[in-house]
Amino acid sequence: MPIVTPLTEQFELEFPIILAPMAGFSGGALAAAVGRAGGLGLIGGGYGDGDWLKRELPLAGNEKIGVGFITWSLAKKPELLDLALDHKPRAMFLSFGDLKPFAGKIAAAGVPLIAQVQTVADAKIAASEGAQFIVAQGSEAGGHGSGRGTLPLVPAVIDAVGKIPVIAAGGIADGRGLAAALALGAAGVVCGTAFYASREALTHERIKAAAVAASGDNTVRSSIFDIARRIDWPKRWTIRTLENAFHREWAGKPEALEADATIQAQRYRDAAAAGDADVAAVIVGEAIDLVHEIRPAAEIVRSIGQDAERRIAALNGLVT
Ligand SMILES: Cc1cc2nc3c(=O)[nH]c(=O)nc-3n(C[C@H](O)[C@H](O)[C@H](O)COP(=O)(O)O)c2cc1C
């Protein structure tokens with residue numbers, strides 16, 4: 001029995017699963033693979049590299065995909081929104097910042113706006129800005145996020161935003177997580193960690209290997225890697241990654257890292273290019289326990305979706 005929610009209906013999806021627009025990792029091929037498998041594929045426009053976006057958008061081929069941006073960064077390069085809208089995306093996904101400067105233009109282009117938030121207060125703002133879907137992102141998530149847990153945040157956001165469908169993100173990487181999100185009242189899920197080490201992801205192969213070998217026990221949320229990458233993230237958002245040797249070296253010493261930034265940034269860049277997981281960030285969330293191998297994205301979408309269908313059907317048996 002297929003799962004039908006406002007998300008599957010809006011985008012005519014087979015499964016209520018959205019590929020997170022992971023900056024630099026969710027490229028055209030991955031987004032298209034997720035779309036072909038029945039989910040919603042989003043390219044990760046991230047920090048706004050126009051050349052990267054011009055290269056990745058056509059790689060989706062005939063498959064219609066959406067685009068995501070990091071909102072505070074898009075504000076510095078607003079022309080990239082036009083570039084994305086020119087490709088008639090299936091959806092625009094904005095996270096981490098003020099939607100107001102962009103919501104009107106996205107609506108005028110007739111493109112559904114999906115807004116990711118980390119607090120109930122920001123969910124209310126996203127609702128007032130006209131977001132068609134609101135993603136409630138819990139702290140378990142890989143990549144940037146904030147402090148609230150997915151389990152209580154999702155129903156609190158649902159209660160706060162009235163009729164707007166809410167999607168759960170953070171810690172969901174298998175059918176159990178999707179079934180749980182639907183039980184909370186969500187219309188679907190956003191998954192990043194589940195796809196970070198997928199075959200089509202633009203992640204370095206050595207970093208993928210480190211990710212699939214990792215446990216959620218060993219993830220941390222901090223600003224260390226943003227300082228090393230020289231990305232000026234607003235302080236309210238930190239990044240969840242594996243705790244590696246570089247993190248252990250600098251944890252609790254952000255000022256010292258800033259002071260040595262020129263040398264450490266070069267060290268970081270070299271490590272990222274080489275896929276050295278002792279220094280470069282392996283950007284995964286707590287759900288990395290559930291990712292055991294490098295698999296094609298289509299297989300991941302189908303296994304999450306079909307397992308959730310079976311589990312929901314089986315749950316009926318609990319009610320007598
Ligand atoms: C490697 C990685 C990169 C990410 N980059 C972005 C990004 O550029 N923009 C964004 O809105 N969210 C980004 N996220 C967060 C996702 O949108 C999503 O909230 C998160 O992946 C959900 O939690 P999960 O990782 O447990 O699936 C990223 C997540 C990961 C794992």
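## Worked exercises on a predicted model

**Ala-287**

Task: Why does Ala-287 count as buried?

Solution. Ala-287 has 23 C-beta neighbours inside 10 Å, so Ala-287 counts as buried. The cut-offs: buried means 20 or more other C-beta atoms within 10 Å of a residue's own, exposed means 12 or fewer, and partly exposed lies in between, with C-beta atoms placed from the backbone. This is a predicted model, in which local features need pLDDT of at least 70 and side-chain atom pairs count only at pLDDT 80 or more, while totals for chains, interfaces and linings use all residues. Residues are numbered from 1 along each chain as its sequence is written.

Ala-287 sits in the loop between helix 15 (261-274) and helix 16. Helices (H or I, at least four residues) and strands (E, at least two) are DSSP runs, numbered from the N terminus.

Then list the partners. Neighbours within four places in sequence are left aside; Ala-287 then contacts Glu-140, Gly-171, Ile-172, Ala-173, Gly-177, Thr-193, Ala-194 and Gly-216. Contact requires C-beta atoms, placed from the backbone, within 7 Å. Asp-174 is 113 residues from Ala-287 in sequence, yet their C-alpha atoms are 8.8 Å apart.

**Helix 16**

Task: Check the length of helix 16, then find its buried side and what packs there.

Solution. Start with length. Helix 16 covers residues 297-315, and its 19 residues should span 27 Å at 1.5 Å a residue; the end C-alpha atoms are 27 Å apart, which agrees. The expected span is 1.5 Å times one less than the number of residues.

Now the faces. Ala-297, Ile-300, Val-301, Ile-304, Gly-305 and Ala-308 are buried in helix 16. They cover an arc of only 115° around the axis, so they lie on the same side of helix 16. The arc is taken over the directions from the helix axis to the C-beta atoms. Turned away from that side are the exposed residues Arg-310, Ala-313 and Ala-314.

Finally, the packing. Strand 1 (17-19), helix 2 (28-36), helix 9 (175-183) and helix 10 (193-196) meet the buried residues of helix 16.

Solution. Take helix 9. Its buried residues are Gly-175, Gly-177, Leu-178, Ala-179 and Ala-181. Their cover includes strand 1, helix 8 (150-160), strand 8 (166-169), strand 9 and helix 16. Just after helix 9, Gly-185 takes a positive phi of about 105°.

Take helix 11 (residues 205-212). Ile-207, Lys-208, Ala-210 and Ala-211 are buried. Their arc is only 160° around the axis, which puts them on the same side of helix 11. They pack against helix 10 and strand 11 (238-242).

Task: Describe the division of the chain and the contact between its parts.

Solution. Domain 1 is 6-202 + 291-318, and domain 2 is 205-274. The bounds come from an automatic or database domain assignment. Over C-alpha atoms, the domain centres are 24 Å apart. The contact takes 16 residues from domain 1 and 12 residues from domain 2. On the domain 1 side, strand 7 (residues 143-145) gives the most, with three residues. That side divides into eight nonpolar, seven polar and one charged. Nonpolar covers Ala, Val, Leu, Ile, Met, Phe, Trp, Tyr, Cys and Pro; charged covers Asp, Glu, Lys and Arg; the others, Gly among them, are polar.

**The ligand shell**

Task: How many residues surround the ligand, and which element gives the largest share?

Solution. The shell has 30 residues; the closest are Ala-23, Ala-141, Gly-142, Gly-143 and Gly-192. A residue is near when its C-beta atom, placed from the backbone, lies within 6 Å of the molecule or strand concerned. Strand 2 (42-46), strand 3 (66-70), strand 9 (189-191) and helix 10 each give two or more residues. Helix 10 has the largest share, three residues. By class, 16 are nonpolar, 13 polar and one charged.

**Positive phi**

Solution. First, the background. Most residues other than glycine have a negative phi.

Lys-88 is not a glycine, yet its phi is positive, about 50°. Lys-88 counts as exposed because it has 10 C-beta neighbours inside 10 Å.

Arg-230 is not a glycine either, and has a positive phi of about 60°.

Notes:
Two residues are in contact if their C-beta atoms, placed from the backbone, lie within 7 Å.
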